[in-house]
Amino acid sequence: MSVILETVIATLFTLGRVWITIALSIITGWFLGYLAIKSHVVENIYVSLIEIFESVPVFSFLPIVLIFFVFTIGGNLGIQLAVLFLVFTAVVWNIWMGIYQAYKTIPQDMLEVSENYRFSLMDKFSKLYIPYSMPRIASNLFPSFVNALFYITVSEVFSIGNSQYQVFGIGSLINYFVNNGLYNDALIGIVILIIWVIIFTLVLRELAEYIISRFGLDTEIKVRKRGRLSIRYSSRISSGLSTIVKLGKAFTIPVARRSVRQVRVEEEKERSRAANLWKYVGISISVLILSFILYGSISVIISVPLATWSYLVSNTPFALLSIAVDYIRVAVVTLISLLITIFLGYFIVVHKRIERVILPLIQIVAAIPAPVYFPFLYAFSISFISHLFGAFTNEFYVLLLGFLSTFYYSFFSYYIGVTSMPVQFWEIMKNYELSFWQKLRQIILPSTMPYLITGITSTVNSTWGGLAIAEYWPNITQDHNLYVRTGLMKDIVLFTNQGEIALASWFSLIFAIVVVVYSILFTRKLMDLARKKYIAEEGVYLA
């Protein structure tokens, strides 16, 4: 088989896994989102779990995935499911939250139409809920596609102790080429992957425009939504106004002549019965989920010997130190991304010709998985960088990969914020002849603050994926290894490769707790501050 044909087939296998996980995320999101809006109990659990798991990096699930899929299921099926699950955890949360928020913003008039015409459950899905969620799904397809590609190219090959597991795909194939010095073949694979990425990027843009024109509102609807704002699901809230008319024409059911009071009483009774039914369904599902979690936790605690618990607890200070060092790296990557974002984002918005060229290029670069081309970048620049940075060479490359894997979150969030600034703000800046720094400090940054905080949050959450790859990358080229001395992501990957699954799981658990505490104490308060203090609508009124 020729190299070109093999790489094309491998790329199709990889892209097939990507779209399988995205399709599963959408289908499950439709039904889980419906359950969430019908039961407050399910809703509270659903939204809370999404916010927690969306903040926890994919690689924190690695020990759990290895234990369940590789060891319990086993065989090629277990390995395939492990790869799919890892990618699923990278793309599912933003799609689930987007669908849930779309359901929560369906106008009451449309809901009443569906009730008055006595739509069945499937009619409600096909004629109301699914069409209304389509714009949100479309807005999340590109970031989901980017996330999936990033993680699947590094999930197709993983090690446990002395055993290496892999599935056929472009990620594992390029890894094989690089490790065996077949750089020309690896370059062919990257070029073919880039071609497919460009094709899918253009297709997704056209698809998003079609869906918005097909189902989108002509005006914005401002909705107070639950949970913290995220770029992954911070698109405009939209659906089709024409859907109301379509709902009215969908069925013509003859209704006997009755008094208005009788009709209302019967409708209230029917709605009450339906509400009670969904309430009990929601409570049953919540109890089942909590029972499953409790049973799993108790089983793990009982199965682990006391000596092992003592060993794990004794390593807690080292885990906390590694987390602190990694948070410093995350802060550096976030700061660099933020500085580039603020100046570049504003520059391309005010220069439309440059915007038409740079913006598609950034989208394409963002869609190309950094781990695919990073070994070539490393091999090309290592001589110069090592001479320039000396002992900090590895740190430079770790930060660089973290930046390449996440900078577009803050950039696109800020770009959307600047382009969404009310026209009155631009007129004020022009009429008062403000300097660039005055514009930035007095108008641009305050008006885009919610978007900036959104981008910062997404950048912080996503940088961990780049660190997980860069902090421990043996044989990045034939003669070099990329690794750091201290880092939580390195510890988790290294322990997993050495077969220390218990220790890797313990470090992952500690990290998950820290991330949840960080989200509660920092992220949510920051978002609340942005919503309360930096509101563009009040500025429009004053203008």
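**View 1. Tyr 103 and Tyr 129, both buried in the predicted model.** Buried is used here for under 20% relative accessible area, with exposed over 50% and partly exposed in between (1.4 Å probe, protein chains only). The ring centres of Tyr 103 and Tyr 129 are 5.0 Å apart and the planes stand at 75 degrees, so the pair is edge-to-face. Tyr 103 belongs to helix H4 (residues 75–104) and Tyr 129 to helix H6, and the pair links distant parts of the chain, 26 residues apart. Helices (H or I, at least four residues) are DSSP runs numbered from the N terminus. Rings of Phe, Tyr and Trp (its six-membered ring) pair if their centres lie within 6.5 Å; planes under 30 degrees apart are stacked, over 60 edge-to-face, and the rest tilted.

**View 2. Tyr 34 and Phe 125, one of the 28 aromatic pairs in the structure.** The planes of Tyr 34 and Phe 125 meet at 50 degrees with the centres 5.1 Å apart, so this pair is tilted. Tyr 34 sits in helix H1 (residues 3–38) and Phe 125 in helix H6, so the pair ties together parts 91 residues apart in sequence. Both Tyr 34 and Phe 125 are buried.

**View 3. An aromatic cluster that includes Trp 473.** Its members are Phe 374, Tyr 378, Phe 389, Phe 396, Tyr 397 and Trp 473.

**View 4. Thr 14 in helix H1.** Thr 14 counts as buried because its relative accessibility is 0%. Neighbours within four places in sequence set aside, Thr 14 is in contact (heavy atoms within 4.5 Å) with Leu 149, Ile 152, Glu 156, Gly 169, Ile 170 and Gly 171.

**View 5. The second largest cavity, with about 60 Å³ of space.** The whole structure has 4 cavities of 30 Å³ or more. A cavity is a set of points on a 1 Å grid over the protein atoms alone where a 1.4 Å probe fits but cannot get out; lining residues have an atom within 4 Å of a point. Volume is the space filled by probe spheres set on the points, which are joined across faces, edges and corners. The lining of the second largest cavity includes Val 146, Phe 150, Pro 369, Tyr 373, Ser 405 and Tyr 408. Helices H6 (121–155), H13 (352–367) and H14 (370–389) each supply at least two lining residues, and the largest share, 3 residues, comes from H13. The lining has 11 nonpolar residues, 1 polar and no charged (Ala, Val, Leu, Ile, Met, Phe, Trp, Tyr, Cys and Pro count as nonpolar; Asp, Glu, Lys and Arg as charged; the others, Gly among them, as polar).

**Notes.** Residues are numbered from 1 along each chain as its sequence is written, and side-chain values use heavy atoms, with hydrogens and water left out. In this predicted model, local features need pLDDT of at least 70 and side-chain atom pairs count only at pLDDT 80 or more, while totals for chains, interfaces and linings use all residues.

How values were computed:
On a 1 Å grid over the protein atoms alone, a cavity is a set of points where a 1.4 Å probe fits but cannot get out, and a pocket is an open set with protein on both sides within 12 Å along at least five of seven lines; lining residues have an atom within 4 Å of a point.
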